Amino acid sequence: MANLRPPYLITAAVSGLLFGAGLYVSQMVDPLKVLRFLDFTAIPSGCWDPSLAFVIVPAILVMFIAVRIGRRRPAPLFDVEFHEPEYKRIDTRLVGGAALFGIGWGMSGICPGPAIALIAFPPDGIWLFLAALIAGSYAGSLIVPSGRTRRLADAK
Amino acid sequence: MESFSPFTAALGGSLIGLAAAVLWLGNGRIAGISGIFGQLLPPAQTVVWRLVFLVALVLGAWATSQLFPALGVGGVHPATLVPPPAAWGVPPPVWLAVAGLLIGFGTKIGNGCTSGHGVCGLARLSLRSLVAVAVFFGVAIITVTVTGIV
């Protein structure tokens with residue numbers, strides 16, 4: 001099992017630490033800050049907070065470079081292959097799922113990364129929110145076909 | 001505008017990008033939180049690294065808040081959840097539970113959230129992710145406008 005070897009797990013830990021640090025430093029753990037970005041009605045009055053854009057653009061650029069480096073390598077350092085997402089089709093499930101996520105995100109200002117990072121300094125209500133997140137994800141897994149073969153067949 | 005924080009935003013964003021880069025070049029995995037989290041649930045696949053990643057994510061946020069409180073939100077409780085708009089008359093726990101259910105369900109069937117589609121998908125130039133990002137940002141902006149939560 002490649003994914004139980006120490007280098008593999010240390011890589012996962014380092015990545016998680018960096019991710020959590022980034023969410024804190026960027027203040028994306030603060031739901032109000034996220035909502036202040038999503039509130040475009042504040043643009044005319046000059047009260048809009050564009051910070052989220054200043055978070056996601058550098059994140060994409062750094063990852064873009066990593067993807068370019070990865071393309072020139074046959075495999076990642078500690079596994080036999082890059083696990084590229086298998087779905088290619090743009091279907092109702094993608095658009096519908098993104099839309100439902102958008103409603104929940106706009107209602108709360110919390111996306112899954114910050115939801116988990118908030119465990120570090122749990123605000124009132126976060127456990128209820130996480131329980132609902134788990135229940136919703138589980139409900140979704142009941143309608144998303146399980147197993148790689150079925151997913152691939154479905155993705156064609 | 002007093003809350004606009006471009007420098008810490010860009011620093012934090014670069015750290016998030018670096019986190020995604022480490023997981024991709026090291027383990028060939030996408031740092032998509034909803035995916036890493038959602039696949040812990042039955043039918044679970046590879047559990048150990050996902051747990052390690054998520055525990056480290058919590059520790060990373062906590063350690064940074066202790067070591068560099070001035071960099072981020074600051075304080076012992078740097079963030080509170082935002083109460084629902086009073087005009088809607090919905091009790092906060094109900095509002096939160098509905099939001100959590102929609103986010104869990106939506107990211108599961110849509111295969112990703114802000115990190116998986118937003119950071120990693122766009123960096124991979126995935127058309128699927130571009131569509132997802134446009135939809136969830138658009139719908140979230142509409143939702144904030146309609147609910148008047150801010």
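Reader: Hi! How many residues of chain A are in contact with chain B, and how many of chain B with chain A?
Author: Hello! In this predicted model, 115 residues of chain A are in contact with 110 residues of chain B.

Reader: And what area do the two chains bury between them?
Author: Chain A and chain B bury about 10100 Å² between them. Carbon and sulfur atoms account for 78% of that area.

Reader: Thanks. How many salt bridges does the rule find across the interface?
Author: The rule finds one salt bridge between chain A and chain B.

Reader: Which side chains make that salt bridge?
Author: E84(A) and R124(B) do, with 2.8 Å from N to O.

Reader: What about polar contacts, how many residue pairs are there across the interface?
Author: Across the interface of chain A and chain B, 16 residue pairs are in polar contact, counting pairs with both residues at pLDDT 80 or more.

Reader: Which elements of chain A give two or more residues to the side that touches chain B?
Author: In chain A these are α1 (6-25), α2 (31-38), α3 (51-71), α4 (92-108), α5 (112-117) and α6 (126-143).

Reader: Nice. How does that side of chain A split by class?
Author: The side of chain A that touches chain B has 74 nonpolar residues, along with 25 polar and 16 charged ones.

Reader: Switching to rings: how many aromatic pairs does the structure hold?
Author: Over all chains there are 15 aromatic pairs. One of them is F54(A) with F4(B), an edge-to-face pair at 5.2 Å centre to centre with 70° between the planes.

Reader: Why does that pair join two chains?
Author: F54(A) sits in helix α3 of chain A, while F4(B) belongs to the segment before α1 (6-27) of chain B, so the pair joins two chains.

Reader: How accessible are F54(A) and F4(B)?
Author: F54(A) has 37% relative accessibility and counts as partly exposed. F4(B) also counts as partly exposed, at 24%.

Reader: What is the geometry of W88(B) and W95(B)?
Author: Those two rings form an edge-to-face pair, 5.7 Å centre to centre and with 80° between the planes.

Reader: Is W88(B) buried or partly exposed, and what about W95(B)?
Author: W88(B) is partly exposed at 44% relative accessible area, whereas W95(B) is buried at 5%. The cut-off for buried is under 20%, so W95(B) qualifies.

Reader: One last thing: which residues form one aromatic cluster with F37(A)?
Author: F37(A) is in a cluster with F40(A), W48(A), F101(A) and W105(A) from chain A, plus F136(B) and F137(B) from chain B.

Technical notes
Residues numbered from 1 in each chain as written. Chains lettered and ligands numbered in written order. Heavy atoms only, no water. Contact = heavy atoms within 4.5 Å. Buried area = accessible area lost by both parts, 1.4 Å probe. Salt bridge = Lys/Arg side-chain N within 4 Å of Asp/Glu carboxyl O. Polar contact = N/O pair within 3.5 Å; in protein donor to acceptor, adjacent residues only side chain to side chain. Helix = DSSP H or I, 4+ residues; strand = E, 2+ residues; numbered from the N terminus. Nonpolar A, V, L, I, M, F, W, Y, C, P; charged D, E, K, R; others polar. Phe/Tyr/Trp six-rings, centres within 6.5 Å; stacked < 30°, edge-to-face > 60°. Buried < 20%, exposed > 50% of the residue type's maximum accessible area, 1.4 Å probe, protein only.
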